[in-house]
Amino acid sequence: MDSEQLREYGHRMVDFIADYYKTIETFPVRSQVQPGYLHNLLPDSAPDHPETLEQVLDDVKVKILPGVTHWQSPSFFAYYPSNSSVAGFLGEMLSTGLNVIGFSWVASPAATELEIIVLDWLAKLLNLPEQFLSKGKGGGVIQGSASEAILVVMIAARDKVLRTAGKNALGKLVVYSSDQTHSALQKACQVKVLKADTSTNFALRPELLQEAVSLDLEAGLFPFFLCGNVGTTSSTAVDPLADLGKIAKSNEMWFHVDAAYAGNACICPEYRQYIDGVETADSFNMNAYKGLLTNFDCSLLWVKDQYAVTEAFSANPEYLKNKASEANLVVDYKDWQIALSRRFRSLKLWMVLRLYGAETLKSYIRNHIKLAKVFEQLVSQDPNFDVITPRIFSLVCFRMVPIDDDEKKCNSRNLELLEAVNSSGKLFISHTALSGKMVLRFSIGAPLTEQKHVKEAWKVIREEASYLLGK
Ligand SMILES: *Cc1c(COP(=O)(O)O)cnc(C)c1O
């Protein structure tokens with residue numbers, strides 16, 4: 001790691017990235033390459049001798065960028081956004097520069113302490129109940145992804161229930177969520193999925209949960225974990241947290257709230273209502289990389305009882321023993337996650353919060369929601385299209401309407417439209433299925449998106465649609 005080489009190459013790399021952002025609109029938003037495209041472009045084995053930065057950057061331009069889908073393009077409207085910002089980028093750079101592995105406090109005290117402080121800051125911005133703050137039994141931790149966050153709390157909850165119910169209960173544990181919950185939960189375990197209420201924007205009905213729990217209890221099973229959603233991935237459905245929390249509590253279940261995307265908006269007082277009831281939860285997660293100008297990865301998890309987590313995850317081999325940990329004076333984040341090693345991620349969130357300030361972040365989020373309203377308006381004024389679920393945040397779910405009630409044809413026409421729009425390279429949207437209907441998702445949240453990009457996107461969608469209708 002030669003300082004002068006870093007200085008020289010680093011400046012060139014920053015120039016390269018700055019130029020990329022400057023010209024980002026010249027690329028097709030969704031990469032248009034075919035599977036396996038890179039195989040023919042690169043050699044079969046690694047070079048034996050050093051090559052120049054020039055040679056590598058040339059290859060990046062010619063061979064890599066064509067295979068990149070430009071998530072930071074202002075016309076990226078697929079999935080949910082992944083934000084990039086100057087502050088987030090600088091924080092990431094600093095973190096990579098220091099390259100510490102903060103698994104325990106002593107391994108880099110600042111990495112642990114800054115994470116605790118920044119997570120408290122964010123908990124306050126979200127107005128989370130005090131129990132989630134670090135001063136008592138609770139606290140926050142940064143995970144790589146929401147999927148990891150969910151797996152962590154589920155394992156904590158499982159171990160907790162097994163401590164009282166006994167190991168034999170393992171095969172009888174039951175996890176509940178609506179059928180709209182993210183596939184991350186299905187990766188973590190087998191879930192009892194409850195059909196979401198199609199009349200209320202696909203939220204989970206408490207009566208249905210209560211019924212399922214009662215039946216399972218009668219059958220000798222152990223209901224132990226409930227995952228509620230604030231902002232589902234398909235359609236931003238919001239589950240009634242307070243009512244779900246009551247059921248969880250009376251059955252001694254762990255209640256987790258997944259607000260990976262929509263949680264970001266809840267730093268605005270006018271959207272905070274969507275996590276009302278979070279006080280009944282045991283844990284809560286939110287992906288700062290999806291909406292708070294923090295570069296991936298940065299997934300925030302708060303728990304009310306950190307000991308439930310550390311009991312499940314702590315391991316203290318001789319080679320990690322140290323005075324501070326043994327005296328119980330410190331947090332060792334290795335005991336709050338699956339892996340041992342961990343990045344200094346709090347630096348970028350800290351830099352984002354300091355260089356922008358909470359008010360800027362709020363207006364940033366409000367602007368995306370305002371743009372989503374513009375798009376929603378445009379769609380609802382067009383007789384060939386329908387908005388499918390009520391828009392709450394900055395995702396609009398819509399589709400071309402069926403002709404002669406032919407739902408099957410309508411589904412295939414919408415998929416055709418999706419492919420036509422994305423093949424144009426002018427924008428990128430994604431889709432989902434809601435009650436068997438193919439639905440297009442227009443998700444606004446890229447930092448560079450302005451109203452003109454939204455209007456241009458709608459123009460392309462309409463043109464492709466009228467072409468399909470004319471065929
Ligand atoms: C994005 C998302 C996830 C998955 O997030 P990862 O960080 O990719 O694991 C989970 N739940 C919801 C509601 C999401 O929107």
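Buried means under 20% relative accessible area, exposed means over 50%, and partly exposed lies in between (1.4 Å probe, protein chains only).

The model is predicted, so local features need pLDDT of at least 70 and side-chain atom pairs count only at pLDDT 80 or more, while totals for chains, interfaces and linings use all residues. Residues are numbered from 1 along each chain as its sequence is written, and side-chain values use heavy atoms, with hydrogens and water left out.

**Exercise 1. Describe the salt bridge between Arg342 and Glu115, and state where each partner lies.**

Step 1. A salt bridge is a side-chain nitrogen of Lys or Arg within 4 Å of a carboxyl oxygen of Asp or Glu. In the pair Arg342 and Glu115, the closest N and O atoms are 2.9 Å apart.

Step 2. Arg342 belongs to the loop between α10 (323-326) and α11 (346-356), and Glu115 to helix α4 (residues 109-125); the two are 227 residues apart, and the pair links distant parts of the chain. Helices (H or I, at least four residues) and strands (E, at least two) are DSSP runs, numbered from the N terminus.

Step 3. Glu115 counts as buried because its relative accessible area is 1%. Arg342 is likewise buried, at 4%.

**Exercise 2. Determine which elements hold Asp297 and Arg343, and whether each residue is buried or partly exposed.**

Step 1. A salt bridge joins the side chains of Asp297 and Arg343 (2.8 Å, N to O).

Step 2. Asp297 is in the loop between β6 (283-287) and β7 (299-303), and Arg343 is in the loop between α10 and α11, so the pair ties together parts that are 46 residues apart in sequence.

Step 3. Asp297 has 12% relative accessibility and therefore counts as buried. Arg343, with a relative accessible area of 30%, is partly exposed.

Step 4. Through salt bridges that share partners, Glu92, Asp297, Arg343, Arg345 and Lys348 form one network.

**Exercise 3. Characterise the boundary between domain 1 and domain 2.**

Step 1. An automatic or database domain assignment supplies the bounds: domain 1 covers 1-31 + 68-82 + 359-471, and domain 2 covers 101-356.

Step 2. Contact means heavy atoms within 4.5 Å. On this basis, 23 residues of domain 1 are in contact with 30 residues of domain 2.

Step 3. Buried area is the accessible area (1.4 Å probe) that two parts lose on being put together, summed over both. For these domains the value is about 2400 Å², with 67% of it on carbon and sulfur atoms. Tyr80, Leu361 and Phe393 supply 31% of the area that domain 1 buries against domain 2, more than any other three residues.

Step 4. One salt bridge is counted between the two domains. Arg366 and Glu270 also meet through their side chains in a salt bridge (2.5 Å, N to O).

**Exercise 4. State where His70 is found and what surrounds it.**

Step 1. His70 is found in the loop between α2 (53-64) and α3 (86-98).

Step 2. His70 counts as buried because its relative accessibility is 1%.

Step 3. A polar contact is a pair of N or O atoms within 3.5 Å; within protein, one must be able to donate a hydrogen and the other to accept it, and residues adjacent in sequence count only if both atoms are side-chain atoms. The side chains of His70 and Tyr20 make such a contact (2.5 Å).

Step 4. Leaving aside neighbours within four places in sequence, His70 is in contact with several residues, among them Ile24, Phe27 and Leu65.
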